[in-house]
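Here are my notes for you, as numbered points. Keep the structure open while you read, and look each residue up as it comes.

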Amino acid sequence: MKHAYFSTILWLGTAAASAQGLTNSGTTITLDAGTTLQVQGALLNTATGTLTAPITSVVQITGNVINQGTLTLPGQLVLNGSTDQTLQGGSGTFGTIEVNNTGALGANRVLVPTDLTITTQLLLMRGLVRTTPTATVRLLDMARVIGEGAGRYVQGNLSVQRATVDAGTGVMDFSHGLVLDPQGQNLGAVTITRTAGLQLAGQSYGTNFNGNQGIDRVWQVVAAQPPSTPITLTLSWVADDDHAVNAAASLQAWRAETAAGPWVPFGVAASATARRLTVSGTQLGTLTLSSTSQPLPVELVRFAVERQGPDGLVRWATASEHDNAYFEVESSVDGQAFHALGRVAGQGTSTTAHTYQWVDQNLARYAAEQIYYRLHQVDLDGTGAYSPVQALRVPLVGGLQVQAWPNPYQQQLTLTVHTQEAGTALVQLTDAVGRQLRQRQISLPVGTTTFPAEDAIGLLPGVYLLHVQQGTQQRTLKLVRE
C-alpha cells in the first residue's frame with residue numbers, strides 16, 4: 001500500500017482528488033468547498049496532522065480511519081470498504097457518516113473502539129456499526145440515525161441527545177428505537193443511550209441467575225426534569241436482538257436503575273408482533289422488554305471490582321440462591337473473549353444474604369488499560385447464567401503495553417502499543433506452537449501508537465501469538481483468526 005506524506009500546507013480544490021492510502025503527519029490539509037476526496041485504503045491523521053473540510057465536502061475511504069490529531073469533517077464521510085473497517089475518531093467531529101460497506105455478512109462492520117461524535121446524521125446503507133463495550137457513538141442535538149434494520153444497525157452503545165423536549169416539540173423520535181411523547185410536560189434536555197447487540201448480560205440485556213433474559217437491547221433515559229405525570233414511550237427493535245424472546249407473545253416493559261437490575265414492570269403488557277410496544281409511566285431509568293412469563297428479578301444485589309494495590313478485588317453479594325453450585329470468575333481484555341480465573345463455591349439453596357470475593361493477582365500481566373470481569377453462575381444440574389460485566393481501569397505505569405482489537409478478528413486487526421521510551425521494537429508473529437511466521441521492526445515514539453496489523457491479515461483461521469519486544473521488555477498476545 002502506498003502512502004502520501006506531506007510536510008507543508010496542502011489545499012485540495014473542487015475537482016475530485018484521490019490517494020492510495022493517506023498518512024497525514026505534520027501537515028495541514030484543507031479541502032475546498034465541493035471537494036470529493038477518495039482514499040483507496042486507510043486514512044491516518046497523526047498527532048501532528050490537521051485535516052479540515054467545509055460542510056459541502058465528501059471524503060470516501062475504503063480502509064480504516066485513525067485520527068490522532070485535529071480533524072473537522074462537518075460534511076460527509078463515506079465508509080465504502082469491502083471488509084471490516086475501523087473508525088477511531090479521536091477528538092474529531094463528523095457531520096454525516098455514511099456506512100456503505102459491501103463486504104460479506106460478518107465482515108462488513110465499522111468497528112468503533114473509542115467514543116465518536118456526529119453532528120448531523122448516521123446513514124446506514126450496508127453493514128453494521130459495532131462499538132466496544134465502553135465506546136459510544138454520540139449523536140448531538142437533532143442529529144439522527146437513518147436506515148437501521150435487520151443486519152444493518154448499531155451494535156453497542158448509541159447515544160442520542162435532544163436539547164429540549166416539551167409541549168412545543170411534542171412527540172420526539174430519537175431515531176434509535178425509542179419515541180417519546182412528553183404528554184405536554186417540559187422535560188428539558190433528554191439523552192437516551194441505547195445498548196444493543198453485544199450479548200452482554202447486565203449491559204445489553206437484563207438477566208438473572210435463573211437464566212431468564214430480555215431482548216438484547218436496553219435504553220437508558222435521562223431527562224433534566226423528570227416527569228410528574230405519565231409520559232408515553234414506544235420501544236422497537238430489530239429481529240437481530242430478539243435474544244430468544246418470542247415477539248409474537250404478550251410482552252412486558254421493565255425498568256431498572258441500570259441494566260444490572262433489579263427490574264420492575266413498566267406499563268401494561270401487550271402484544272408486540274411488529275417488534276414495537278407502547279407503554280406509559282413516570283419513572284425513567286433503564287428500560288427493556290421481555291415476555292410476561294420471563295420477568296427479570298435479580299438475586300445478585302451487588303457486583304463490583306476495584307484496585308487493591310497491584311491486584312484486582314472482585315466482590316459480589318446475593319440476597320438468595322437456588323441450587324447454586326458455584327461461581328466462576330472470568331476476565332477479558334476486550335469485553336468479548338473471557339477466560340476463567342477460578343471458582344468460588346455457592347450456598348446451594350438459601351434465602352440468607354451472602355458475600356463473596358476473588359483477588360485477581362498481578363493486573364500488569366494483562367498489558368491492558370482496562371480489564372472486564374463477569375461471573376458465571378452454575379447450578380447443581382450444570383446449567384448456568386452470566387452476571388453483568390464490570391470494567392476495571394488500570395492506569396499505565398510505564399513499560400511496554402500492547403493491545404489488539406477486535407480479537408477474535410477476520411479481515412481487520414488494529415494494534416495499539418504504548419511505551420514511555422522511544423525506540424525500535426521487534427514484532428514477531430508465530431503459530432500456536434511457536435513457529436515464526438512473520439517478523440519486522442517498527443519505530444515507536446513515546447506515548448501511544450495505533451496502526452493496522454497487516455502481518456496478521458491473510459492468515460488461515462486459527463490461534464496465533466504476537467510478540468512485541470522493545471529492549472528488555474516483551475509482551476505476548478494471543479490472536480484468534482476466525
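1. Start with Ile371, which sits in strand β33 (strands are DSSP runs of E with at least two residues, helices runs of H or I with at least four, numbered from the N terminus). Is Ile371 buried or exposed? Its relative accessibility is 0%, so Ile371 counts as buried (buried means under 20% relative accessible area, exposed over 50%, partly exposed in between, with a 1.4 Å probe and protein chains only). Now find Leu44: 327 residues separate Leu44 from Ile371 along the chain, and their C-alpha atoms are 27 Å apart.

2. A word on what you're looking at. This is a predicted model, where local features need pLDDT of at least 70 and side-chain atom pairs count only at pLDDT 80 or more, while totals for chains, interfaces and linings use all residues. Residues are numbered from 1 along each chain as its sequence is written, and side-chain values use heavy atoms, with hydrogens and water left out.

3. Next, the largest pocket, with a volume of about 1,200 Å³. A pocket is an open set of points on a 1 Å grid over the protein atoms alone, with protein on both sides within 12 Å along at least five of seven lines; a cavity is a set where a 1.4 Å probe fits but cannot get out, and lining residues have an atom within 4 Å of a point. Grid points are joined across faces, edges and corners, and the volume is the space filled by probe spheres set on them. The pocket has 40 lining residues, and the closest to its centre are Val333, Asp334, Ala368, Gln403 and Ala404. Among the elements giving two or more residues to this lining are β33 (370–379) and β42 (473–481). β42 gives the most, with six residues.

4. There are also five cavities of 30 Å³ or more. The largest cavity has a volume of about 80 Å³, and its lining includes Leu415, Arg440, Phe451 and Leu479. What classes make up that lining? Eight residues are nonpolar, none is polar and three are charged (Ala, Val, Leu, Ile, Met, Phe, Trp, Tyr, Cys and Pro count as nonpolar, Asp, Glu, Lys and Arg as charged, and the others, Gly among them, as polar).

5. Back to β42, this time for its partner. Strand β41 (residues 462–470) runs antiparallel to β42, and nine bridges join them (two strands pair if DSSP finds at least two bridges between them).

6. Another spot for strand pairing is an open sheet of four strands, in the order β19-β20-β23-β26, with antiparallel pairing. β19 (172–173) and β26 (276–281) are at the edges with a single partner strand each, so one side of each has no neighbour in the sheet. β23 (residues 231–236) pairs with β26 over six bridges, and Thr232 stands opposite Ser280 in β26.

7. Last, the rings. The whole structure has three aromatic pairs (rings of Phe, Tyr and Trp, its six-membered ring, pair if their centres lie within 6.5 Å; planes under 30 degrees apart are stacked, over 60 edge-to-face, the rest tilted). Trp316 and Tyr356 are stacked, at 5.5 Å centre to centre with 10° between the planes. Trp316 is in β29 (residues 311–318) and Tyr356 in β32 (residues 354–360), so the pair ties together parts 40 residues apart in sequence. Both Trp316 and Tyr356 are buried.
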